[in-house]
Amino acid sequence: MAATLLARCCSPISYNCDACKRVSSQTNENRNLVTSRRFSKPARLILHNRNDPSLTRALRDFADSGLMEEALHLFDEMNKSDTFSWNMMIKGFTSCGLYHEALSFYSRMVFTGIKADSFTYPFVIKSAAGVSLLFEGKTIHATVIKLGFDSDVYVCNSLISFYMKLGCAWDAEKVFDEMPERDIVSWNSMASGYLAVGDGLMSLTLFREMMKCGFGPDRFSIMSGLGACCRKMGKEIHCYAIRSGIEAGDDVMVLTSILDMYSRFGEVSYAERVFNGMSNKNIVAWNVMIGCYARNGRVVDAFLCFQKMSEENGLRPDVITLINLLHACEILEGRAVHGHATRRGFLPHVVLETALIDMYGECGELKSAEVVFDRMGEKNLLSWNSMIAAYVQNGENYSALELFQELWDSSSLVPDSTTFASILPAYAESLSLSEGRKLHGYIVKARYDGSNTIILNSLVHMYAMCGDLEDARKCFDQVVFKDVVSWNSIIMAYAVHGFGRMSICLFSEMMITGGISPNKSTFASLLAACSISGMIDEGWDHFNSMKREYGIDPGIEHYVYMLDLIGRTGNLSLAKRFIEEMPFVPTARVWGSLLKASRNHNDITMAEFAAEQVLKMEHDNTGCYVLLLNMYSEAGRWEDIERIKLLMKSQGVSRTTSRSTVETKGRTHVFTNGDRSHVETNKIYEVLDIVSRMVEEKEDSYVHCVSKMRPETLLKKKSNSHRRHSIRLATCLGLISTETGRVVMVRNNTRICRRCHEFLEKASKVTRREIVVGDSKIFHHFSNGCCSCGNYW
């Protein structure tokens with residue numbers, strides 16, 4: 001409670017209350033209404049008759065009209081012995097949002113010895129909630145119990161709202177469960193409270209239980225239910241609103257809630273029907289419709305709706321309009337909206353600035369996002385989360401980690417579930433499994449992972465991309481409410497680790513037991529599994545079922561995976577024809593898939609054609625040059641090798657340095673080919689020689705693969721041979737630094753070569769250790785002489 005207000009309430013009153021003047025200045029119409037009424041004359045006779053009943057009526061009218069300065073003046077001249085007058089003052093302050101003043105008046109009331117009643121406490125509790133005073137609110141709750149008002153339905157409803165607003169759902173549940181009598185407000189307070197704290201399931205459960213108890217939902221129940229429901233139940237609630245006549249009354253708030261529900265589930269046609277049927281559209285309804293178009297990819301309709309709102313209905317866009325419109329913006333439109341917001345004086349505005357960061361991040365304009373973020377005078381947690389997400393989306397993982405560390409070190413803000421969900425992919429891409437595990441430990445300690453689907457989905461992705469499929473599966477099994485992202489994440493996890501059959505089993509489980517409808521990402525994960533594991537027939541079955549059974553149009557990513565499958569069969573002419581018949585303009589990734597297939601089947605002519613297409617789009621594609629060099633080298637085409645090297649030099653392109661990382665005892669070790677900088681170098685090479693002898697890897701076996709090389713090139717290759725590739729060095733360090741029986745995990749930034757692949761297959765057998773290697777494409781699980789990729793990658 002404000003110290004100044006306490007002083008004013010407990011000592012002679014000064015009538016210079018700025019807050020009161022602000023409220024009074026906003027209510028001139030009410031002032032004229034009040035002062036014109038008959039009680040104005042008794043107000044001038046205050047000194048003659050302090051107990052005149054008309055004074056109480058005058059006080060009530062002043063308070064109800066928001067004229068708190070006049071009410072305060074009148075109150076100080078009145079007889080203050082009755083509870084009703086004090087209640088009127090507390091109610092007036094609370095209704096005007098002057099919560100500190102209301103609480104100060106309550107303290108003054110108690111200090112004066114006036115007994116509070118059941119009408120006092122609902123407003124006092126509401127004021128405590130308004131300024132988030134949990135301790136004071138619990139003290140008031142204790143007083144309520146002591147005075148026996150804890151059975152009053154209005155007081156209990158206020159306590160429920162108080163606890164829910166401050167996130168204390170357990171306390172609210174206790175009040176609700178102990179209520180001897182409940183009304184519709186009790187149920188609505190609990191349902192809306194659960195929705196506010198993010199527990200939609202409990203909100204819906206309470207909605208159903210309320211109907212079973214014989215309480216017919218009113219407009220507030222309908223709005224709470226719509227905010228928490230699934231697609232099917234949302235339509236059921238809409239039908240109930242129609243049958244009960246709630247919708248027929250043209251209730252803008254209810255209709256806007258229905259509109260928002262259809263927008264969330266992508267039911268644009270239903271949303272349009274509701275919107276077009278509204279006879280009285282306010283700015284909120286227009287904003288929801290614009291947001292509906294924007295979030296569902298209807299960019300043109302979003303801007304047309306924006307134009308219609310301004311031109312035909314005469315409504316000027318507000319901050320929320322621009323925030324919703326940004327969802328539909330590419331970079332040019334986004335800059336235009338940014339400029340409009342600046343000209344209209346909407347900036348600075350923390351929510352709008354956060355939306356701008358999101359927009360610039362999604363458009364790949366990181367510099368612009370950084371400028372907006374750095375210039376923000378006030379940054380809330382959402383702003384930090386958006387900037388972190390922008391870095392992660394654009395592959396700037398180390399920048400994301402640095403910003404997260406800066407937020408972590410901040411004393412004013414504490415990372416929340418969204419922060420963790422945003423930063424975990426950065427740990428996955430930076431390949432830091434030990435750091436990811438530390439963050440997971442903090443998440444568990446902070447109790448964010450128990451039922452938070454978003455965080456657990458991110459953990460599944462993080463562990464899978466760091467090579468730990470076992471922990472990824474454990475996190476998936478912990479997800480209580482699995483959504484389509486949960487299933488997509490685990491299906492893709494098994495796919496990139498080469499266990500395609502398991503991915504297909506999980507897809508069937510999702511459809512049968514999970515009751516989840518697949519989306520485009522589901523089929524991308526599924527086709528990736530078929531492609532990596534070589535399941536050609538299953539791949540075609542799922543590809544053809546997308547449109548036929550689920551009404552999903554395949555995107556370019558789906559065609560790429562199917563192209564990989566065709567290439568795997570060796571029918572490269574069919575693969576080329578498949579590209580030409582695609583309903584999309586082929587991208588560099590599409591032609592790169594054909595190039596990889598040509599490399600695997602040693603078709604130089606097709607590889608040259610595919611490489612030409614790739615280099616037209618991405619002249620600095622290092623992988624394309626290296627693949628051609630390797631093919632020309634094996635074919636002994638020295639002139640072509642020199643031509644490619646000159647082309648690479650002219651384009652400023654150089655080979656990617658192969659780097660392998662392995663984590664031992666919480667430390668990350670990095671190796672390059674032929675590396676001798678590690679403190680355990682002698683031991684590493686000693687183990688490497690031992691393992692090489694055990695797998696009987698002979699020196700002259702390499703000659704067979706390079707029989708067409710020049711003699712001097714062959715000697716150079718042998719002097720810097722595959723025996724000292726970074727993957728082998730990292731693997732050997734893992735073998736000597738981890739306990740027997742533990743999985744050795746290695747990451748490499750390039751595609752693993754065939755010789756190292758063969759070596760690791762045999763090494764896994766002779767050492768009786770499972771070795772997991774993640775290269776630039778997939779993960780290879782080497783165990784007992786075999787690899788999960790089936791020797792095709």
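Arginine 501 is exposed, with 54% relative accessible area; exposed here means over 50%, buried under 20%, and partly exposed in between, with a 1.4 Å probe and protein chains only. Before going on, this is a predicted model, where local features need pLDDT of at least 70, side-chain atom pairs count only at pLDDT 80 or more, and totals for chains, interfaces and linings use all residues. Residues are numbered from 1 along each chain as its sequence is written, and side-chain values use heavy atoms, with hydrogens and water left out.

Back to arginine 501. Which residue does arginine 501 form a salt bridge with? The partner is glutamate 538, and the closest N and O atoms are 2.7 Å apart. A salt bridge is a side-chain nitrogen of Lys or Arg within 4 Å of a carboxyl oxygen of Asp or Glu. This pair links distant parts of the chain, 37 residues apart: arginine 501 is in helix 32 (residues 500–514) and glutamate 538 is in helix 34 (residues 536–550). Helices (H or I, at least four residues) and strands (E, at least two) are DSSP runs, numbered from the N terminus. Glutamate 538 is partly exposed, at 22%.

By that rule there are 19 salt bridges. Another one joins the side chains of glutamate 608 and arginine 637, at 2.9 Å from N to O. Glutamate 608 sits in helix 38 (residues 604–617) and arginine 637 in the loop between helix 39 (622–635) and helix 40 (638–650), so the pair ties together parts 29 residues apart in sequence. Glutamate 608 is partly exposed at 26%, and arginine 637 is partly exposed at 28%.

Is aspartate 471 buried or exposed? Aspartate 471 is buried, at 17% relative accessible area, whereas lysine 474 is partly exposed at 45%. Both belong to a network of salt bridges that also takes in Arg437, Asp468 and Glu470.

Next, the surface patches. These are made of residues with over 30% relative accessible area and no salt bridge; like charges are joined within 9 Å, and nonpolar side chains (Val, Leu, Ile, Met, Phe, Trp, Tyr) within 5 Å. Leu201, Val480 and Phe481 form a nonpolar one, with about 280 Å² of accessible area together, by the Shrake-Rupley method. Phenylalanine 481 lies in the loop between helix 30 (469–478) and helix 31 (484–496) and is partly exposed at 42%.

In what order do the 6 strands of the open sheet stand? The order is 2-1-3-4-5-6, with mixed pairing. Strand 2 and strand 6 (786–787) are at the edges with a single partner strand each, so one side of each has no neighbour in the sheet. Two strands pair if DSSP finds at least two bridges between them.

Strand 1 (residues 659–664) runs antiparallel to strand 2 (residues 667–672) over 6 bridges, with threonine 661 opposite valine 670. Their hairpin has 2 residues between the strands, and lysine 665 there takes a positive phi near 50°. Strand 1 also pairs with strand 3 (residues 744–748), antiparallel over 3 bridges, and serine 660 stands opposite asparagine 748. Strand 4 (residues 771–774) and strand 5 (residues 779–783) are antiparallel, joined by 4 bridges; valine 772 has histidine 781 as its bridge partner.

Definitions and conventions: Areas by Shrake-Rupley, 256 points an atom, 1.4 Å probe, with all protein chains shown as cover.
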